[in-house]
Amino acid sequence: MASKVGKVISLSRRSFLKFVGGASLVGVTLNLSGCGEPITPDKAIGGNGWMPTQYNAPGNWPTSVRGRVPIDPENPAIVRDDQKCILCGQCIEVCEKIQSVFGNYELPIKKEFVCVNCGQCIQWCPSGAISERDDVNKVFKALADPNVTVVVQTAPATRIGLGEEFGMPVGTNVQGKQVAALRKLGFDVVFDTNFTADLTIMEEGTELVKRVTGELHHPIPQMTSCCPGWVKFVEYFYPELIPNLSSAKSPQQMEGALIKTYFAEKKEVDPKKIFSVSIMPCTAKKFECQRPEMNSASKELNDSNVSPDVDVVLTTRELARMIKRTGIDFSSLPEEEYDKLMGTGTGAGVIFGTTGGVMEAAVRSAYYLITGQQPPVALWNLTPVRGMQGVKEAAVNIPGVGDIKVAVISGLANARKVMDQMKAGNAPWAFMEIMACPGGCEYGGGQPRASSPPSDEDRNRRAASLYNIDAKAKLRNSHDNPEIKQIYADFLTAPMSEKAEELLHTHYVSRADDFIPKKSEENKLY
Amino acid sequence: MELVTTVVSRAGAKMSSVRWKFRMTPMRWVFTGIASAAIAVILVRFVLGLGATTNLNDQWPWGLWISFDVLLGVALAGGGYGTALIVYVLRRDKFYPIARSAMLTSLLGYIVVVLGLLIEVGQWFNFWRPYVSWGHASVLFEVFWCISCYTVIQILEFCEVGTEKVFKGAHKYLKKAMPVMLIIGITLPTLHQSSLGQLFYLMVGKVNPLWWTAFLPVFFLLSSFFVGAGMIVIESTLAGKALNHKVEIPVLRGLVKISAGAMILYLMLKITDMVVRGTFANAFAFDLPSIMFLSELTFGVIIPIIIAFSSLSSTRKGLIWFGILTVSGVIMNRFDVLFTGMGKYLNQYGGSYVPAVSEFIVSLGLVSIACLAYLFLAENFNILGNHGSEHADDIEIKDGKYASTAK
Amino acid sequence: MAKGVLVDIPKCIGCESCSVACKLWNELEWDEQEKNKTAIDRAKEPNNGLWPEEWTSINRYDPEKDGESVARYVKAQCMHCEDPACVSSCFSKAFQKLPEGPVIYDQSLCVGCRYCMMACPFDVLRYEWKKAIPGVRKCQMCATRVANNQETACTSVCPTGAIIFGDRDQLLAEAKKRIKENGYVDRVFGEKEAGGTSWLYISDTPFEQMRFRTDVTTKPLPSYTEGYMKATPFVGVGWAAILAGLYVFNNKGKEPLD
């Protein structure tokens, strides 16, 4: 028994020593390996990533600015995928410097973000983080519903943009293929917004003549209202200039209102079962179609079940997405024609898609409205209002009236300068065309994104394509459009008639209370 | 259904003479069932993480496992150090019969706490970090050191009992070390029992003022002391039923009276604390915290005091009621500090915490494991001091020394 | 020199550049669910927009200003206390306050007890509940950048200067100047809160309406347990001595128990 006990002791002593020795060794090792040492910044979690400063390499894209513009999650037109954002600051650059929106309000903000929905930030975003709000599924749903007549209209500028999405050179005219693709997608009726562009010229031209002659007590210069980004810009920053805006709706909204009234009446379709889609080069149009005023058909028909004049606006990019998703081979599509009734446009209508186009079209028809004669050939190529300069001026001699001075502006920062000049009382013009996006709709926020940053080179190629369509057009004056003549004869009686006022004209609201305007130049945001 | 398991150790010829027995009863099957379920959940927890097995969230980083397994486990296992103090240090020999049983409960309690903690913490494999990376400003640092050291001490203390049966050679050395272990074994729990309370003192403005006080450590310490008697009463009753062993009433009654003395001190301190901090209005606001606070004091402290100092405590029924009320009172108190006390703050922006079923399973499972272990050890070692069963003679024959140490 | 960040709440336009910068620099994962939440959604949720992979969040509140409801965007993240509760509560020293200001966390030292989360006076710590081996997550104030004389990722991309990085003392003076000039609420949140924080907030609308814990103690939180911890060794040794004395005294001349 004693020997056994002795064994047990020696065993336990040895193992005890082993244990103690082992434990101390472990302790020493752990201490050497850094446990118990104060932790250093590099031990902290995170901090091994990437920052925009590291992106500061020389290149095409100006990279000095960082951060980004605020985008309301409720914004009807523009959304951003944070995951793709690299904080390069291009959106700030374009929004502040080119569109003069960001940074032109005092902080703190009141409730909403100031945004004119122009979508130029989408074009400038190098990582594709900013994009239009995708409404494709709404359209697919309507197309799948056999009880719904889906009517679509296409803006002047989409036909020279859509091809780029399918690998065609910049500015390729794909008007016929676009119509064919829309039919293939299942749209029941395909109309052309060029038609209402012509109609806009009639309404706006008549309004201008009435302003000039004093028949209408509205101030001169008259400013165009085709561009919803520009309209919202005036409502925000220059509410006192709202009376200068033409009361005529944009072509999109005219077409929309007429689809649910004129078309419905002519083709005996229930306006409640019409789903009106428009394909636009523009994101602001998504906002425009949701404005409460843009509900004329419902008002005219006195039926609250009729949906807004335009139900959904798709950008050129979204149409391309629909075509791709459906698996249509776009480039091999045949050329097709627009449907009649509201599908015919003139050369004057198609150049609405570029800066100066509305002015050129208006001048052609104004000549006719004032003199009762066809405009001279010189007015079919009004070079002073063509090109990519931000502010262009021209004087057009119209017999009996003399020189009419006009101005053409694109880009809201340019517009801001001219508006400030106007407020100072220095506005020698009778008529002004203003487009929010530099270059006009052809480089609108909804057009295909180029691989390079937006450039005047691309803008010129797209514009040239539009002018080429105009040059080759059989009819080049809005007032010559047979469907225009028909609609006035059958439905609207005359420009600015009571019915035309109701369906084709609108009013604007001041948004000055949404924010505090910037007080002075030195109060820049950064 | 009765099963007698005989494990014959193959370690050596010396061990072959030791017989282990464990009789399975329906209750023990239930325990085994719960324990298996808990082990399954624990495995899931280790593979998939805490989110998959608990309802804990960023508002409620501490939930049932901390409050039940740790706060409560430590408190309820507090009977061990109290008894050790009374019996070994103060030499109230009358309570010796319950000493070993109380200390075993305490040991098992602490093992459950440690197991519970290993399951509860996120990086369990890092449990040793505080030994080398000293976060000595943390109250938890003290709790950690004390609990881990105390668990080791308790294991050694139990080894003193264990070596009566196995590894008998080590017995006399352990016995010699006993006084030192006892002193450390009383010092450590007094430190960490109070520290558990102090943990919550850092949550300034988060805990309801009814519970948040500078006296938190004292309250935790005192309540862990007086709950010991309650636990011993309940445990001896249950063990008495299961193992056919009853502790004499005068022993328990004496213990209950000591415990009630601590309760009076506790109550007086509570009242003083309320007067000093002016929380009387809160206590009698009769909203949820106030009701919880009052019932915790009334049922958990005041009524047990009355029982202890009246003739009620001379009956087994009275003693059991004392035990049940005291233990429930402390359970309530620990839950109140965390759940009722912090509920309003942690839920102020819509946070919520209701323990998941899996959390209950693990908590109950750990208790079941402890119960099974207690039953096994009590049946096989000299814990209860008196083996009423037929196997006792058996062992006494095999080991002559045994009879003399067992009083 | 202790660094800090000044958040001028009225200057925030809610672009959330800061939270994207945080994601980029710290390589935090994008979560589809979190990505689709708006600043309004985040302000309402219990987590305040902060998650293990979202170390900072812009939350929108609609407080009152001159009787009118206005929108305010508030950046939430770790406040980086001068004397942090998380550092003092960590028993394995996984947290540390750097002299430059950041309060950093090293997961390799973390046991995972989550006492830090309970102790944090601003409830900004988040836990990786979904992971099998989880850690605490919170803003590290770009510790490596700050230690390298760079500014934090979030401040470096703020387009309006709503968050600016600098020496805490100077920022505090700047904050007080702005309060006076702009008629803000006369309080720099973070000057004294929880004993002072590296992040400072100023606002023109009441802090209470923007989910700030305005009733937080102004004493450094570690001071609440400091005395207790310092006394512990002495109490422990003293108590053991008393016990030993009693043991010897009571056992004198008696048979030892077992």
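1. Two residues are taken to be in contact if their C-beta atoms, placed from the backbone, lie within 7 Å. By that criterion, and leaving aside neighbours within four places in sequence, Val406(A) is in contact with Met359(A), Ala394(A), Val396(A), Trp429(A), Ala430(A), Phe431(A) and Met432(A).

2. This is a predicted model, in which local features need pLDDT of at least 70 and side-chain atom pairs count only at pLDDT 80 or more, while totals for chains, interfaces and linings use all residues. Residues are numbered from 1 along each chain as its sequence is written, and chains are lettered from A and ligands numbered from 1 in the order in which they are written.

3. On confidence, the predictor gives the complex an ipTM of 0.90 and a pTM of 0.88. Its confidence in each residue is the pLDDT, from 0 to 100. Chain C averages 92, with 99% of the residues at 70 or above. For chain B the mean is 83, and 89% of its residues reach 70 or more.

4. Where does the pLDDT of chain B stay under 50? One such stretch is residues 1–16 of chain B, which has 18 contacts beyond four places in sequence. Another is residues 386–407 of chain B, where the pLDDT is below 50 and the model has 18 contacts beyond near neighbours in sequence.

5. Chain A has 17 helices and ten strands. Its radius of gyration, taken over C-alpha atoms, is 31 Å, whereas a compact globule of 526 residues would have one near 24 Å; the globule rule is 2.2 Å times the number of residues to the power 0.38. Along the principal axes, the C-alpha trace of chain A spans about 135 × 60 × 45 Å. Of the contacts in chain A with a separation of 6 or more, 78% are between residues 24 or more positions apart.

6. An automatic or database assignment supplies the domain bounds. Chain A is divided into domain 1 (60–133) and domain 2 (136–507), with C-alpha centres 25 Å apart. Their contact takes 22 residues from domain 1 of chain A and 29 residues from domain 2 of chain A. On the domain 1 side, the largest share, four residues, comes from helix 3 of chain A.

7. Chain C is assigned domain 1 (3–210) and domain 2 (222–253). The centres of these two domains of chain C, taken over C-alpha atoms, are separated by 43 Å.

8. The contact between chains B and C takes 54 residues from chain B and 51 residues from chain C. Which element gives the most to the chain C side? Helix 9 of chain C does, with 14 residues.

9. The largest nonpolar core has 346 residues, and those with the most contacts inside it are Val406(A), Ala436(A), Cys86(C), Cys116(C) and Ala119(C). Such a core is a set of buried Ala, Val, Leu, Ile, Met, Phe, Trp, Tyr and Cys residues joined through C-beta atoms within 7 Å; buried means that 20 or more other C-beta atoms lie within 10 Å of the residue's own. Of the 526 residues of chain A, 52% count as buried.

Methods
Helices (H or I, at least four residues) and strands (E, at least two) are DSSP runs, numbered from the N terminus. pLDDT is the predictor's confidence in each residue, from 0 to 100. A residue is buried if 20 or more other C-beta atoms lie within 10 Å of its own, exposed if 12 or fewer, and partly exposed in between; C-beta atoms are placed from the backbone.
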